[in-house]
Amino acid sequence: MTLSPRFSITLAVFSVLFLATIVHILVVMGIPLNVQHSAYDNIATYGPDREFNLLPDVRPQQEALPDLDPAMKHATCRFQLADGPVLFDASIPTSFWSIGLFNSAGEAVYSLNNRTAGAERLSMLVLTPAQLSILRENPPENLEDLIVIETADISGFALLRAHVPHPSRANALDQALLSATCGTIG
Amino acid sequence: MNGTTLPSQETHFGEADWQKQDLPRAIRPHRSHPLRTLSFLTLIVVLASLLGIGSAYVMIEREQPLNAVTIGSWRAYPKAGTAEADPYSVAIYTRGAVVPLASGEGLALVAREDRSGHLLDPTCIYRISGQTPTARLWTMTATDGDGHLVETRPGRVHLDSQNLLRNPDGSFEINAASEPHSGNWLPLAASANASDGMRFVLRLYDAPVTTGAALDGITLPVIERLGCP
């Protein structure tokens, strides 16, 4: 059987387009699986896990992470829930601060700011559903005062942002971020 | 799928034009040419790969996710960095290792063009005026075309709503230029070429508009180009 040239050309063009679509989809879907440095990996370079590490000030050519706001100071803490629940505690003397919880893929799991926290002090407990049911059997005294976040994501990081209203406040905010804790309960 | 049909087309192409054929094409004896078939199929695969990888590269490099909300010159990606993000923004954000502003923190809006649709140019002077949606705090930053901060004359690269001069009705005017300006001055790159590109980033913190649904009908500052050297 022989096909007319026009039909063959059309078939060839369609098969190129069809294959190109598949390649396009594979490339786009494959990028997240093959990135060399995720935000989760980059944060590890600023200090140990389960501890808030102060990121250097956001300045030209010295951005610790891309797309950070130069008006803010940032601290990050990386954690693995397999090592136990994580308790975040911070008291930051500024008119605006916020904290975002991200999983290891960089997706936001939970976020709040100092108004939605309902208190001046940040006290937040992050744990897995299994850890929560264990904790419920023998609850710590201050469980009522904590913001409790259940997540199935085993590893992740938190990014704490604190607004610097004036450069003169920078040192006080550095101290507040350095004394913020991201550790074990109790 | 093409393996059985394409070879005939190839041989036909090569010979039919100059050689007189007695038999109608449909019943002509068919001889396949393995090398030519192979090169034809290879060509299809190579073209498809180039097209697929090239188009993916362009989509990712543009850094403009699909589910953007556009208001005037400003674009926001409320779903970026969440589990509902489209595959392009997932690829863009993970490749850049970007930690987005989460919905409980705020919303970032990015402008790459002025009100008349011209790409922003760091050597020009711009006026950003009007009002922002309700937010407890907002900051305005100028970056280069890739989103990186640039050196400016005063060393400062942003303005925030707490240190802003406002008109009695609450509106404001910001002058964005590399040389000092009176009033609210947003410094632009001290030494820049027009080809570096520029973005204005407006970050609204603790704002009711952090979810995409609430973004319809909000007013954002207007970016006007006042002059270029």
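The entries below record what I looked up, topic by topic.

**Entry 1. Basis.** I worked from a predicted model, in which local features need pLDDT of at least 70 and side-chain atom pairs count only at pLDDT 80 or more, while totals for chains, interfaces and linings use all residues. Residues are numbered from 1 along each chain as its sequence is written, chains are lettered from A and ligands numbered from 1 in the order in which they are written, and side-chain values use heavy atoms, with hydrogens and water left out.

**Entry 2. Interface.** I looked up the contacts (heavy atoms within 4.5 Å) and found 60 residues of chain A touching 58 residues of chain B. The buried area, meaning the accessible area (1.4 Å probe) that two parts lose on being put together, summed over both, is about 4,900 Å² between chain A and chain B. Carbon and sulfur atoms give 63% of that area.

I then noted 19 residue pairs in polar contact between chain A and chain B, both residues being at pLDDT 80 or more. A polar contact is a pair of N or O atoms within 3.5 Å; within protein, one must be able to donate a hydrogen and the other to accept it, and residues adjacent in sequence count only if both atoms are side-chain atoms. On the side of chain A that touches chain B, two or more residues come from each of α1 (5–30), α2 (39–43), β4 (97–103), β5 (108–113) and β8 (155–163). Helices (H or I, at least four residues) and strands (E, at least two) are DSSP runs, numbered from the N terminus. α1(A) gives the most to this side, with 15 residues.

**Entry 3. Charged pairs across the interface.** I counted 3 salt bridges between chain A and chain B, a salt bridge being a side-chain nitrogen of Lys or Arg within 4 Å of a carboxyl oxygen of Asp or Glu. A:Arg161 pairs with B:Glu105, with the closest N and O atoms 3.0 Å apart. B:Glu105 also makes a side-chain polar contact with A:Ser98 (2.8 Å). A:Ser98 sits in strand β4 of chain A and is buried, at 0% relative accessible area. The cut-offs are under 20% for buried, over 50% for exposed and partly exposed in between (1.4 Å probe, protein chains only).

B:Asp206 and A:Arg115 form a salt bridge as well (2.7 Å, N to O). B:Asp206 lies in the loop between β9 and β10 (222–227) of chain B and A:Arg115 in the loop between β5 and β6 (121–127) of chain A, so the pair joins two chains. B:Asp206 is buried at 9% relative accessibility, whereas A:Arg115 is exposed at 52%.

**Entry 4. Interior of chain B.** Chain B has 3 helices and 10 strands, and 48% of its 229 residues are buried.

Entry 5. B:Arg127 and B:Glu224 meet in a salt bridge (3.5 Å, N to O). B:Arg127 lies in strand β4 of chain B and B:Glu224 in strand β10, so the pair ties together parts 97 residues apart in sequence.
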